[in-house]
Amino acid sequence: MNDLVKKQDVALPALPETVLPAISQLTTSLGIPREMLASDEEIQYAWRDLPRELREIPAILRGELVARMCVAVSTGLFDGAMNYIWNAAILQLRTKVRNFGLAVVAQIKQSDFEEKHLLELQDSRLLELCLKLNIVDEDGFFFLDQCREVRNNFSAAHPTLGKINDREFTTFLNRCIRYALADSSSPKGVDIGAFISAVKGLRFNANQCQIWVQRINETHDAQRQMLVGMVHGIYCDPNTSEPARLNALDLCGGLKDVFTAAIKSDLINRHSEYVAKGEQDKHTASLQFFEKLGLLSLLNESEQHFVFSRSVERLWNVHNGMNNFYNEPPFADRLLELSQQGAIPETVQEQFVQTVLCCRVGNGYGISNAAVPAYDQMIRGFSPREIATMIRSAMVKDNPLGNRLANNASCRRNFKEVLGYIDPASVASGVKADYDKLMR
């Protein structure tokens, strides 16, 4: 269990007994009703609630504007206090945009964006930019935009439409703190130009890859999605050099555990677009991309069938070719990797089961010893449906497996050995009698 982060309490001094009477004396001397200013009760309640809100502000952000806000609250000038805390929130949002990277913002906006542009942004535009950069989420944007409207109409910054009381001020303060000041950290943007140059450059070393993975993790969701999509495009481009393709895989391999639903959806859409446009080279590369990252389960059943069927067919061709004992292991390992990404499509299960078992029992001359661990692991992972296929295939001669078992004693011995890997509880009732015969 994670330890709760203890926030630092803020102990404000008690309001001096002279402050509240002084306000009454001031209104009397000016000849205006005391009711024109906040009442003593409102001031006391607002002052009482301040520490609870202030402790949410990191100590480094409790600066001059926060101090002025407190002084304004102590005298009931809630409209002035509102203006101070709003300005503090706006300054912090600007700092977060600055930390994100003005050059990166310019790349995203596709227009010049320097310090002067940041300072000239109206508050409403600044909030929209922070939403786009994911510095504030949709809830934060909604409530801060409400605060902006309240500040424009009821604070000391403009002629006011009316007065606000202590509860309204405390709500305003809470939202400014919660959505702008409570968290002093901010995402850092990735320089897209430098990123592309690095990916397309020389082969990454471990430290270089780790740094880029960290930078992408530290940026916001929208830019992360865009960068992953760009990396997928680089990998699928037939003109991309092999080091760049490997760099692309390394990056996505380091990021795939944090792929959001939006990132996965974007990758699937990009893959489907290659199919729709008839870009066969890119489609084939995209299939490899999903295979190598272990993301085959994201593709539709026909795509999965193609990938598995192709891998099974390649293993079968190698098994039946020259020097098969030497050549089989990498193809067996590749099929094992695929089988661990999810269930084998039903349309290729029989082909998969028979190929793996034929390779495992051998061809009369022996078996590929180096490939046996991969075959055994796949057999141990057979689903009940695949186990039933295995048993049925062994009982008839009109298929490759049944034919080998009927005509070769060493194949029968090897088959009985791997049959022992199967848990009897996984054997379907429909093939239980055949299973018992085979185990004798």
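**Salt bridges and nonpolar cores**

R68 is partly exposed, at 40% relative accessibility. Here buried means under 20% relative accessible area, exposed over 50%, and partly exposed in between, with a 1.4 Å probe and protein chains only. The model is predicted: local features need pLDDT of at least 70, side-chain atom pairs count only at pLDDT 80 or more, and totals for chains, interfaces and linings use all residues. Residues are numbered from 1 along each chain as its sequence is written, and side-chain values use heavy atoms, with hydrogens and water left out.

R68 pairs with E64 in a salt bridge, the closest N and O atoms being 2.6 Å apart. A salt bridge puts a side-chain nitrogen of Lys or Arg within 4 Å of a carboxyl oxygen of Asp or Glu. Side chains of opposite charge can pair when their charged atoms come close. Both R68 and E64 sit in helix α3 (residues 64-74), four residues apart, about one turn of the helix. Helices (H or I, at least four residues) are DSSP runs, numbered from the N terminus. E64 is exposed, with a relative accessible area of 52%.

The structure holds 19 salt bridges. Another one joins R385 to E346, with the closest N and O atoms 3.7 Å apart. This pair links distant parts of the chain: R385 lies in helix α20 (residues 384-395) and E346 in helix α18, 39 residues apart. R385 is partly exposed at 47% relative accessibility, while E346 is exposed at 53%.

Helix α18 also carries R360. The side chains of R360 and D376 meet in a salt bridge, 2.6 Å from N to O. D376 belongs to helix α19 (residues 372-380) and R360 to helix α18, so this pair too links distant parts of the chain, 16 residues apart. Are these two partners buried or exposed? D376 counts as buried at 12% relative accessibility, and R360 as buried at 3%. Elsewhere, salt bridges that share partners join E291, R310, R334 and E337 into one network.

Now the nonpolar side. A nonpolar core is a set of buried Ala, Val, Leu, Ile, Met, Phe, Trp, Tyr and Cys residues joined through side-chain atoms within 4.5 Å. The largest has 73 residues, and F195, L251, F352, L357, F382, M390 and F415 touch the most other members. Helix α18 (residues 346-361) gives the most to this core, with eight residues. Leaving aside neighbours within four places in sequence, F352 is in contact with V312, L335, S339, I344, M378, F382 and E386. Contact means heavy atoms within 4.5 Å.

Conventions
Helix = DSSP H or I, 4+ residues; strand = E, 2+ residues; numbered from the N terminus.
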